[in-house]
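Dear colleague,

Please find the structure below, handed over for your files.

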Amino acid sequence: MYQYDSIDKQLLSERVAQFRDQTQRYLAGELSDSEFLPLRLQNGLYIQRLAPMLRVAVPYGLYDSAQMRQLAYIARHYDKGYTHVSTRQNFQFNWPRLEDVPDILADLADVDMHAIQTSGNCIRNITTDQYAGVAADEVEDPRPWCELLRQWSTFHPEFALLPRKFKIAMCATVDDRAAFQFHDIGVELTHDDKGQTQFKVYVGGGLGRTPVIAQLIHSELPWQHLLTYLEAILRVYNMHGRRDNKYKARIKILVKAMGVDAFREKVEQEWAHIRGGSNTLSSAAVEKVKNHFQPIDYPQHDDSSMNRELASQRLESPEFARWLDKNTLAHKQAGYAIVNLALKPTGIAPGDITDVQMDAIADLADQYSNGQLRNTHHQNIVLADVCKTDLWSLWRAIDALGLATPNLGYLSDPICCPGGDYCALANAKSIPVAEAIQRKFDDMDYLYDLGPIDLNISGCMNACGHHHVGHIGILGVDKKGREFYQISLGGNMGRAAAIGKILGPSFSQEEIPDVIENILDTYIEVRQPEEMFVDTYQRVGLGPFKERVYVKAD
Amino acid sequence: MSKLIKGCEIIDSNWTLIEQGSELPLQAIAAGDLVILPAHLWLTNQDILRDKANVGLWLDSHEEPATAFASATVNSSNQDEGEQASGPDSALLDCNTLPLIAINFPVFSDGRGYSYARQLREYYGYTGELRAIGDVLQDQLFFYQRCGFNSFAIRSDRNVDEALNGLNDFSITYQSAIDVKRPESRSS
């Protein structure tokens with residue numbers, strides 16, 4: 001992974017000093033609330049319902065065991081002993097004191113971490129596939145490009161005060177695991193016919209109040225021009241994006257208003273001035289970053305003998321077999337596996353993890369996976385380089401930690417925002433809804449029979465739980481001061497990007513598990529053999545689901 | 001007389017900012033007073049103002065450089081704003097005849113002026129004084145400077161000596177901008 005040099009470290013320490021000074025001036029009354037607001041947001045600090053929330057950046061989701069231990073220390077020392085994995089691969093602390101934040105940032109800087117641009121109207125953390133570098137369906141490791149984008153976007157002087165937040169994701173695989181079509185800019189890495197890296201650039205995607213699938217704006221951008229082309233897009237947006245209404249300020253609204261062709265033309269005009277300019281990438285610069293992401297030196301293993309051993313372990317423990325089938329994935333290197341640590345056991349807020357678990361995970365990463373970890377868009381944690389001979393002992397260890405629930409990708413593995421329990425923006429709670437569904441559908445065999453279902457839950461229109469793109473989406477709404485929930489079906493955050501359709505009138509919190517049951521019963525009735533939930537929906541549409549749910553509800 | 005940061009120093013501000021909607025201050029101009037006119041006022045009177053070393057102009061946050069400078073050179077004033085973006089390069093001489101250009105930040109969180117500054121420096125080749133005016137505060141100075149501003153009219157209720165610190169928040173940068181073209185050992 002990328003290793004900080006003295007320049008990166010110096011930049012971070014200067015940032016800590018800057019924010020310490022800003023916080024002191026704020027506490028001394030020299031900065032007003034509105035002046036301090038963007039400063040603290042660009043350090044990931046929100047003022048929430050009960051306490052501030054601090055979002056720590058994990059560039060493209062990748063971090064190491066030493067960083068994990070420091071995060072555990074922060075959770076213990078400054079917070080209530082836990083943290084939360086967000087859908088954009090970051091960590092969130094829910095209970096820091098404002099006065100402590102400069103010290104927390106200093107502690108983070110000690111392990112080359114920070115909270116820069118994790119919030120605010122600026123370029124946010126660059127996200128990508130959590131299996132980058134080890135996925136079999138990958139064109140090329142996207143992380144060096146993400147790192148180049150990280151450096152370019154960090155403290156970019158022109159784009160610190162955009163009309164609204166700006167999210168960039170990169171995809172380099174056949175299966176999209178980064179939801180890149182739902183980002184302000186989605187970059188898809190491809191190769192031209194000579195094997196040279198190039199990019200497809202999509203613009204104007206996003207969720208929130210107005211969910212939009214991004215549109216293609218450049219189909220074969222040579223790699224040298226990645227930064228200048230994105231700079232041209234950002235400049236057009238910075239100059240022309242709406243600033244009079246925060247709900248119409250995202251780039252998706254501008255692209256829609258102008259039309260993608262007119263927008264592209266405007267970008268081309270800007271780009272003509274800076275194309276080939278000083279932010280053009282050289283092969284030396286790219287190589288230098290790529291050197292940080294060389295594949296590890298995998299020892300040669302006899303894959304077939306390891307598979308025989310796994311087969312006998314499977315017989316020994318059906319639980320192990322189930323976990324192996326559900327929570328591990330094929331690695332591009334023979335003899336290795338990708339392991340997901342499941343952060344969605346019933347009764348725990350989805351994506352939450354304790355300091356004790358974090359320390360233990362750090363040890364396991366050192367022992368079994370090259371000391372590295374990844375946060376996923378699905379709010380789980382990945383050990384990406386586990387030798388197959390270690391799977392049994394790793395499983396025993398994580399099972400003891402409560403991180404081996406074999407539910408990856410099933411109904412009981414929802415994406416879920418912190419909701420009304422924590423968030424000041426939320427209209428409704430989301431965590432209890434997730435838990436009620438997990439409790440009702442706790443029979444794993446039933447869940448496996450249903451097959452993969454993305455259940456996404458947001459506590460408000462801001463859509464942090466990505467409800468629009470869940471196969472089943474749940475949105476908390478406020479109805480005359482009472483919490484209600486709207487259901488949508490048919491969203492898709494993968495390649496076949498789709499926005500879910502609203503089923504009908506909303507329900508009370510108590511009704512939701514039964515409504516979900518009616519939806520699932522309908523699916524079981526009308527599905528064809530081997531047909532996934534989302535495919536059945538595609539075939540039959542909302543009708544049968546609607547009929548069942550609203551008849552039963554009467 | 002108010003104070004101003006110019007370059008890295010605090011100096012007295014000698015320029016008078018003329019507000020939007022004002023009459024052309026003919027007497028002051030004739031007397032050699034230093035004035036900064038709203039772009040529109042300057043443009044409508046450009047025949048008598050051209051080459052006057054004591055008259056600068058300021059752009060408001062919704063007035064991108066193309067609208068002002070294209071019309072200064074294209075001269076056929078019948079075009080609407082959208083069509084005037086035709087040839088920013090042809091305006092190069094015009095903006096460099098100005099002794100001062102200012103860009104207004106009605107609120108510091110309106111970041112359009114950063115892009116305007118870069119365009120003035122990069123596309124229009126403007127080399128003169130580029131001043132940030134309006135809600136100009138310490139915590140944005142570092143970015144202003146990187147985008148090509150070289151003078152800063154700090155909001156009058158703030159301590160300009162303290163604000164000066166904002167120019168030195170960071171000693172290194174990741175990406176090239178107006179101030180640093182190729183950051184050492186960085187990506188580009």
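Axes here are lines fitted to C-alpha atoms, for helices over the stretch in contact, and angles run from 0 to 180 degrees between N-to-C directions. Helices (H or I, at least four residues) and strands (E, at least two) are DSSP runs, numbered from the N terminus. This is a predicted model, in which local features need pLDDT of at least 70 and side-chain atom pairs count only at pLDDT 80 or more, while totals for chains, interfaces and linings use all residues. Residues are numbered from 1 along each chain as its sequence is written, and chains are lettered from A and ligands numbered from 1 in the order in which they are written.

In chain A, the axes of helix α6 (residues 226-240) and helix α8 (residues 260-274) come within 8 Å and cross at roughly 125°. The two helices, α6(A) and α8(A), are therefore oblique to each other (angles under 35 degrees count as roughly parallel, over 145 as roughly antiparallel, 65 to 115 as roughly perpendicular and the rest as oblique). Residues in contact (C-beta atoms, placed from the backbone, within 7 Å) include Y229(A) and I233(A) of α6(A), and V267(A) and W271(A) of α8(A).

Chain A also holds an open sheet of 5 strands in the order β1-β2-β5-β4-β13, with antiparallel pairing (two strands pair if DSSP finds at least two bridges between them). At its edges stand β1 (45-47) and β13 (352-354) of chain A, each with a single partner strand, so one side of each is left without a neighbour in the sheet. Neighbouring strands of this sheet are turned by 30° against each other on average, direction ignored. Strands β4 (residues 82-85) and β5 (residues 91-93) of chain A are joined by 2 bridges, and V85(A) has F91(A) as its bridge partner in β5(A).

Yours sincerely

Key. Two residues are in contact if their C-beta atoms, placed from the backbone, lie within 7 Å.
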